[in-house]
Amino acid sequence: FDRMMTTFVEEQKVPGATLAVARRGRLVYSRGFGFADLDRKSPVAPRALFRIASISKPLTAVAVLQQVDAGKVKLDDPVMRYVSLRPHLAAGSEVDTRLKDVTVRHCLNHTGGWDRDRSGDPIGIPARIADALGTRPPVPATDVVRYTLGRPLDFAPGERFAYSNVGYLLLGRVIETASGIGYERYVRDRVLTPVGATATRLGRALPENRPADEVRYYDSRRATGVCLYPPRAGERVPFPDGAGNLEGYEAHGGWVSSAVDLVRFAAAFDDDAENAPWGGLPKPALLC
C-alpha cells in the first residue's frame, strides 16, 4: 500500500492523498501521503479531512432507508409528500404535473425525471438561481430545490436512469420531514456516530471556516472565480475557495470526511458488522 500510494501521488501529480483499510470490521491501515498544504509543506495526516463530493449520497441514502425501516417513509411514496417547499415558477409557467409521480425510490435510483445532460444541472448555476428568486448567492439547497421544482422534468419518472444531484437534495428534505431533525444533525447523530465516523461533517467554502485538519484544495487547471460567500463575496479567488456553491451541495455532495471515517462507514455493511469494534449500522437499514 505504501508503494502503491507513493507512486500514485507522484505519477498523478496530486498534492496529497490518504488511504485507510479495514479487515473484518477492524481498521488495519491508515496513512497520509504528500502535502495537505503545499505552501506550508505540511504533510497529509492519516485522518485528514477531504471533500468527498458524491460519496455524500450513500450517507443520505442510509438516512432515508433508516426512515423506511422505522415505518416513517415508504419507498414508493411521492417524494413531494415530504417536501414543503413551494416551486419557484417563472411568469406564465406551471408546475409539471408529472412531479407528483416522483417517488422516494426514483430519487434514490436516479430515475426521477431530471437529466442534467439535457437541461443542465441546477447545482452549477447559483447566480442564475439567485437572480430568478430575487436573492443573492450563495444559494442554499432549499433554493436549488425550489428553482428545480418550477421547471419541467426531462422525462417521465421511472422511465429511465439519469444521474441526478437534485433528487438527493429532495431526499435531504425527506429526512428532515420524517425525522423532525435537521439534515446534517440527523446524519451525524444517527448514521455516522454509531459507526465511529465522528469527524465527518458538511463542508465549508471559505478556507478560514474549515476545520484545522481539513486539507487545502488545488484545482488542476488553476481556475479562479468570483467568491459567493461573505465577507469575501465579489473577490476573485481560487475556484475551490468559495467560487463554487459548495454549501448548497449538502445532501448530494457537500460532506467532508477522512479515509478512516469512510472505511468505518463502509465496514458497517460487512456481513460480520455486528463484530466491528464500533458496532454496526442497525441491521434492518443494511438489508434495505
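Cys227 has a relative accessibility of 3% in this predicted model. Buried means under 20%, so Cys227 counts as buried. Cys107 falls in the buried class too, because its relative accessibility is 2%. What about disulfides? The count comes to 0 disulfides. The rule asks for a pair of cysteine sulfur atoms within 2.5 Å.

Turn next to the sheet. Strands E1, E2 and E3 form an open sheet, in the order E1-E2-E3, with antiparallel pairing. Strand E1 (16-23) and strand E3 (42-43) stand at the edges. Each has a single partner strand, so one side of each is left without a neighbour in the sheet. Look at the pairing of E1 with E2. These two strands run antiparallel and are joined by 8 bridges.

Now for the open space. Rolling a probe the size of a water molecule over the atoms shows where empty space is left. The largest pocket has a volume of about 600 Å³. Its lining is made up of 28 residues. Which of them lie nearest the centre of the pocket? They are Arg51, Ala53, Tyr217, Tyr218 and Pro240. Strand E2 (26-37), strand E4 (50-51) and helix H9 (250-253) are the elements that give two or more residues to this lining.

Methods. Residues numbered from 1 in each chain as written. Predicted model: local features only at pLDDT ≥ 70, side-chain atom pairs only at ≥ 80, totals over all residues. Heavy atoms only, no water. Buried < 20%, exposed > 50% of the residue type's maximum accessible area, 1.4 Å probe, protein only. 1 Å grid on protein atoms, 1.4 Å probe; cavity = no way out; pocket = protein on both sides within 12 Å on 5 of 7 lines; lining within 4 Å. Points joined across faces, edges and corners; volume = space filled by probe spheres on them. Helix = DSSP H or I, 4+ residues; strand = E, 2+ residues; numbered from the N terminus. Pairing = 2+ DSSP bridges.
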